[in-house]
Amino acid sequence: MTNLEPRVKTAGAVEPRRKIVILTSHVFVRGYRKASIHFVASRWAEQRHDVHFITIGHSWLTLLKDRPRFRALSQCQANRFETIAANLQAGAYLPPLHAFSSGNRVLNAANELLFQLYGNYLPGFARRVLAAADLVLIESGSALAFFKYVKKLNPKARTLYFCRDLLRSVGAAPVLQRIQTAAIDQFDTVCVPSERLGALLPPGGRVRVIQQGVDAALFDREQPSPYALGSRNAVSIGNMLFDEAAVAAMAAAAPDIDFHIFGASWRGPPRSNVKIYGERDFESIVPYLQHADFGIAPYRLTADEIYLAESSLKLAQYSYCGLPILLPDLIPFTRSNAIAYRMDGETAWREKIDAALSMRRSPSFRKGILTWDDVALQTLKAAFEMKPAP
């Protein structure tokens, strides 16, 4: 950076204005859920950094799986950028075909070559901003396939591995897991939201732990309740490792409670007190969190996935809203609003639900939770820390 480059003020300090490019499988389209990458991108833009959000992992094949998503991307972001907000643009690489993870053994055998081919090209709209970037953020998942291409296109850019999930937990192709192992020590920084997740990654990475955040301004805004007057309501958001059987058991044990499910799908017709909403834009979900009686974190997980307790967005959001939380006993969640149930063989569902209903909301549940401004500032600082001398 030269002394002539624009600088921005952050928390009393003066920082260089960075050109940041994000490679992710997430989409920045209204009506679709927001993950941590969206919040961090937005906060960087608000802090006056120049942010380009590039969606990969989609193609004309997406028409077969998610026609509305493909149409939303192709309408405004297909191989070009759309302005989302000041300093923030989003675009999608939409080729005819793309490599993708699969549980199919034959397809995974072909994925070694498919991901190499897929990760060796990006169209001009993406190449131009990557070549000029100060920082390239690559999120865990299919974006890893582009790591070598990014380094070749812009060897001077800092690289940040934004790792939110254990690849094997989310069903990533074996080739992506091998790419992660080979590349992890070449990233300038590896950013994780959980110490447990960092410990489970391949060795060699320069790991920094920065917890998830919440959109404090949005949650602090008073909004009317979306629930019927006098009703009692539980809410579940997200689809990661969703345990439908546990929620169905809760609903059967408490027919007087309405269960509102956002993000996750449901096999077959649900009970009358289970409301399935699908994916919604995050802002529309917030009133459901603010006015719920309790939150549900129905993870179906193994010991290797316990890191979700530290990296779960929903646990932070529920806690910030002061909600009691029903969650599996395998999760070592230590806030006082936790009500644990047995992941296998729970029989006292009504007792657990009554405990949640009787727990008083408390501002203490939110103690120590970061805002997304905090997360964005800490992440950028970590990305530009100098490597220690060998």
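Which residues lie nearest the centre of the second largest pocket? The structure is a predicted model, in which local features need pLDDT of at least 70 and side-chain atom pairs count only at pLDDT 80 or more, whereas totals for chains, interfaces and linings use all residues. Residues are numbered from 1 along each chain as its sequence is written, and side-chain values use heavy atoms, with hydrogens and water left out.

**Exercise 1.** Describe the lining of the second largest pocket.

*Solution.* Step 1: a pocket is an open set of points on a 1 Å grid over the protein atoms alone, where a 1.4 Å probe fits, with protein on both sides within 12 Å along at least five of seven lines; lining residues have an atom within 4 Å of a point. Step 2: 20 residues line the second largest pocket, and Gln-211, Ala-309, Glu-310, Phe-333 and Arg-335 lie nearest its centre. Step 3: the lining divides into nine nonpolar, seven polar and four charged residues.

**Exercise 2.** Characterise the surroundings of His-260.

*Solution.* Step 1: at 5% relative accessibility, His-260 is buried (under 20% relative accessible area, 1.4 Å probe, protein chains only). Step 2: the side chains of His-260 and Tyr-277 make a polar contact at 2.7 Å (a pair of N or O atoms within 3.5 Å, one able to donate a hydrogen and the other to accept it).

**Exercise 3.** Determine how many disulfides are present.

*Solution.* Step 1: a disulfide requires a pair of cysteine sulfur atoms within 2.5 Å. Step 2: the sulfur of Cys-191 has its closest cysteine sulfur in Cys-163, 9.4 Å away, and therefore too far for a bond. Step 3: the count by this rule is zero.

How values were computed. Buried < 20%, exposed > 50% of the residue type's maximum accessible area, 1.4 Å probe, protein only. Contact = heavy atoms within 4.5 Å. Nonpolar A, V, L, I, M, F, W, Y, C, P; charged D, E, K, R; others polar. Lists of a residue's contacts leave out its neighbours within four places in sequence.
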